[in-house]
Each structure stands twice: as C-alpha cells, then as structure tokens.
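Subject: Structure handover

Hello,

Here is the structure I said I would pass on. Please have it open while you read the notes below it.

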Amino acid sequence: MTTTNAGLSRRRFLALGSAAAGGALAVGCSPASSTNTPAAAPGTGSAAKGTVTVMSQSGEFGPKEAKAAGQALGVTVKTVEYDLTKLTAMLASGNPPDVVRGMGALDTPYLVARQVAENLDPYFAKSTLIKADDIDPVNDLWRFDGEKQGSGPRYGFAKDYSQDCTIWFNSALFDAAKVTHPSATTPLLLDELLDEGKRLVKRQGAKVSVYGLNPNGLGLFTQLSWLTDLAGGKLTSDDLASVDFSSPEAQRALTWYLDYAKAGIGPTVLNPDPNGWDGPTFQAGRMAATLSGYWLGGLFAGDPKSAKVAGFAPAPQFDTGRRISPCFGATGLWIPKASKNKDAAWAVLEWFMAGDPAKARAAGGWGIPPLKSLQKLMPQKLPYQKQAYEVQMAEQQHFSVTSVTPYVRQDAINAVITRELPKAIKGSMSAGQFADTLNSQINAQLADGKKRLR
C-alpha cells in the first residue's frame, strides 16, 4: 500500500492555525491519494504488519492496551498521549499517528471536509468482526457525505456511547426535598425539571451546597441545538453554514437556559463546579440531577453509597410532543489518510472496537457498546444497573443523527457563547440581544471557515 501526501497548502495552513488558536482540533491537510483497499480480509490478522502508532488518552488506549493489541495481532503498537498541538503538527507534516481518538458526533464533518480522515468502507466491507447488521445506529455519527451527517462513508467507529441528555438523579436528595422521582418511562417536561431543580437546590448562605440540576452536558452549543430541536426548530441552517438564535424555537431554548442560569441552582460559566465534572459531585451527594448520559453509571459500580441512591431517567422534552435523545460524543477512533500503515491500523481499530477489549468495556457499564450483539453484556447485577439498562434500551428508539457544521469546530462556537453568556445571565443583555450577538459572531466564524475550505 502506498500513500502520497502533498502537505498543507497555504490556505489550509492558515485554516489550521486559526482553528488551533480557538482551542479546537485543528487539522487541515491537502488532498492525499491512496490505495485503501485492504491487502487481505481485515479481521484475519494477515494484513497486520509493522508498527502502528495510536494517539489516544492513556485511560482509554494506553501502554496496557498497546501490549495486548501487539500480542493479539502480531504487530508493534506504540501509543502517544492525545495532544492537540502535537496532532496538528504531525498532520501538517504528513507524518500523523496511524490511529487517532475522536468524537464522531462533533469531529466527523470537520475531518472529512478537510480530507484528513480515511474512508473506512472498504475495511468494514471485509471485516470478520464487525457486521453491517450488528452496527448500532449511533455509528452513523461517523458518516458524512459532504452535506449531511449520518449518510455517506464511515470514517471512524465509536468505542462506546451514551445518549447524553438522559438523567441520573440522587433518590435520597429527591426524597429529602419531597420531590417525586423522575419516571423511568415517561420523560419529564423541561419546565417541570427546572422547577424541581429549584426545589432540590440547597444553599449555605450565598453558596450552593447541593446543586439541584446540571443541564450543561458536553457543551452549550450542542445543548442549545437540542433544545431548539425539541421546541420544533433548527439552530443550524440546512447548508450548515449559518446559525439563527433569533427564531421563536431558539428563543425558547435560550430563555429556558437563562432561567436555569439566573436561578443559580447549578453550575454555570459564572459559578462553575470546582470538580470540573459531575462524577465527584454526584458521589459526594451534592448533585440532585444531571443530564450526563448512561456512561456515568460506570462510576457507581465501585461506590456502594452512590449505587444505593442512583436512578436513571429518559431525556426530558418540551411540551411540543417532540422526543429526541441525542448523542454528542460517540467517542472512538479514526485513521488519517496519511497513515503509512492503514491495514495494520485497521486491525488495531477493529480489535479494540469489536474484540476482547470491547467485551470488557461493555461489561463495565462505562457507556453503551457500538455493536448491538455486545449490548447484552451491559451490567445488570446491581439494582441501579438493571434499572438503568431497562431505561436505556427503551431510550434508543429516540436517537437520531443531527448534522454539525464542517466549517468551524464546536470548541470555537462554544467559546463565543461562553464569552457572551455572563452578560445575559446578569441581565445586562436580553435574550433577543444575546441571540443577535451570537448570530453575528458565530456566523462570521462560519463564513470565514467556509471561505478557507475553498
């Protein structure tokens, strides 16, 4: 297999630097030509030779996993800790890692538009471990046809996932506040959830000692997009080149979030959780309800105190009758176009996603397996695990793919929202003015990003 890489054009190099300055995954290589049909059927191990470099987080794919992969596949596997600056430099030089960690929901259009990620369809077609009818629909987040996410070739694969707006709640805190537990079958209305959060919050003087609710999820732009969708609208245009926070549906989403933020019942940009994420806060009995997704339950298996009080509920909705339970992560692996050893890279990716490591992850409860056949391994031993499993299996029918823009990374958009949000929370800017500000700044980013891709 041969691969050529012409390196970065000046325009794409400028796009690369601009995105990096915004704290995003900054990748932008010029088109590379490659023969990407596997030399032998993937899954047999016969095509896996040489050395494979995996860039991931050590807690997901580290030296231990590299050693196991090497023993299973007969290749040398090296790991590099995921680092944005290093990845950018390696991609720009035409010498990238062979396998890279990514978030399918957010990264796929951006990577594909810049012709960085390898089309993996030929490998999936010949895989002996991953069969088409066994692939969970969440993996459509790793597909992009140039216009729509969820269609076209597959450019990566999730290691596990959650529907990220489902609710974990502390039943003891609900009982103490005399608030009815969320239903396991009927989703709460968002206005009801907000009211309950106000009843569940506890304060010591001016400080919050127990958060009533945290709806922030994995980023405000994705959360606001979901809320707008629930209200019956769309935050991003059909061509993915602009946003509109001024529509009635987007205004409903913004107003709901601002009501939450102004109530001071949970973490915001003005008063962030010192722990940085909800896991430790929930375990300390200081979080009544959090929209964190199924994966958080993996934390409770070794924590009897949390396991005793943890409950799981469907994603909430507005009163429009629309029920959408999204995934904003689908964290997994992809293979750069410029990889020098794609066959072996695929063998490693396939082993990690569908082999013994995938079975172990499924049994651990840290997310939903990407293959339907492995979902029966999800833990059901403890009462909270059985309850969460039943809720999650019913929730899957409400998942659908929402396209994200290929022109700007979500980090850059979130940076605008985070910068302007304090003014709206403090009341110096109305929801309408906040929308106008976001439209102006984010649409300028999108226009610039689109121009750089020409």
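**Helices α2 and α12**

On the α2 side, Glu-65, Ala-68, Ala-69, Ala-72 and Leu-73 meet Ala-347, Val-348, Trp-351 and Phe-352 of α12, where a contact means heavy atoms within 4.5 Å. By class, the residues of this contact are eight nonpolar, no polar and one charged. Here Ala, Val, Leu, Ile, Met, Phe, Trp, Tyr, Cys and Pro count as nonpolar, Asp, Glu, Lys and Arg as charged, and the others, Gly among them, as polar. The axes of α2 (residues 63-73) and α12 (residues 342-354) come within 10 Å and cross at roughly 110°. That makes α2 roughly perpendicular to α12; angles of 65 to 115 degrees count as roughly perpendicular, under 35 as roughly parallel, over 145 as roughly antiparallel and the rest as oblique. Axes are lines fitted to C-alpha atoms, for helices over the stretch in contact, and angles run from 0 to 180 degrees between N-to-C directions.

**What the model is**

This is a predicted model, in which local features need pLDDT of at least 70 and side-chain atom pairs count only at pLDDT 80 or more, while totals for chains, interfaces and linings use all residues. Residues are numbered from 1 along each chain as its sequence is written, and side-chain values use heavy atoms, with hydrogens and water left out.

The chain has 16 helices and 14 strands; helices (H or I, at least four residues) and strands (E, at least two) are DSSP runs, numbered from the N terminus. Of its 454 residues, 58% are buried, buried being under 20% relative accessible area, exposed over 50% and partly exposed in between (1.4 Å probe, protein chains only). Among contacts in the chain with a separation of 6 or more, 76% are between residues 24 or more positions apart.

**The five-stranded sheet**

Five strands form an open sheet in the order β4-β3-β5-β14-β8, with mixed pairing; two strands pair if DSSP finds at least two bridges between them. The edge strands, β4 (76-81) and β8 (156-158), each pair on one side only. On average, neighbouring strands of this sheet are turned by 30° against each other, direction ignored. Strand β3 (residues 51-56) runs parallel to β4, and six bridges join them. Ser-56 stands opposite Glu-81 in β4.

Helix α3 (residues 84-93) packs on this sheet and touches β3, β4, β5 (99-103) and β14, with its direction at about 140° to that of β3. Helix α12 lies across β3, β4, β5, β8 and β14 and runs at about 160° to β14.

Thr-331 is found in β14 (residues 331-334). Thr-331 is buried, with a relative accessible area of 13%. Leaving aside neighbours within four places in sequence, Thr-331 is in contact with Glu-60, Arg-101, Gly-102, Met-103, Ala-158, Lys-159 and Asp-160.

**The three-stranded sheet**

Another open sheet has three strands in the order β12-β9-β13, with antiparallel pairing. β12 and β13 (310-313) stand at the edges with a single partner strand each, so one side of each is left without a neighbour in the sheet. Neighbouring strands of this sheet are turned by 20° against each other on average, direction ignored. Four bridges pair β9 with β13, and Phe-169 stands opposite Gly-311 in β13. Helix α14 (residues 383-395) packs on the sheet, touching β9 and β13, and its direction makes about 5° with that of β13.

**The nonpolar cores**

A nonpolar core is a set of buried Ala, Val, Leu, Ile, Met, Phe, Trp, Tyr and Cys residues joined through side-chain atoms within 4.5 Å. The largest has 59 residues, of which Trp-226, Leu-227, Phe-245, Trp-256, Ile-417, Phe-434 and Ile-442 touch the most other members. Elements giving two or more residues to this core include β9 (167-170), α8 (220-230), α9 (248-263), β12 (289-291) and α15 (410-426). α9 gives the most, with eight residues.

**Helices α8 and α15**

The axes of α8 and α15 come within 8 Å and cross at roughly 85°. That makes α8 roughly perpendicular to α15. Leu-220, Phe-221, Thr-222 and Leu-224 of α8 make the contact with Gln-410, Ile-413, Asn-414, Ile-417 and Leu-421 of α15. This contact has six nonpolar, three polar and no charged residues.

Regards
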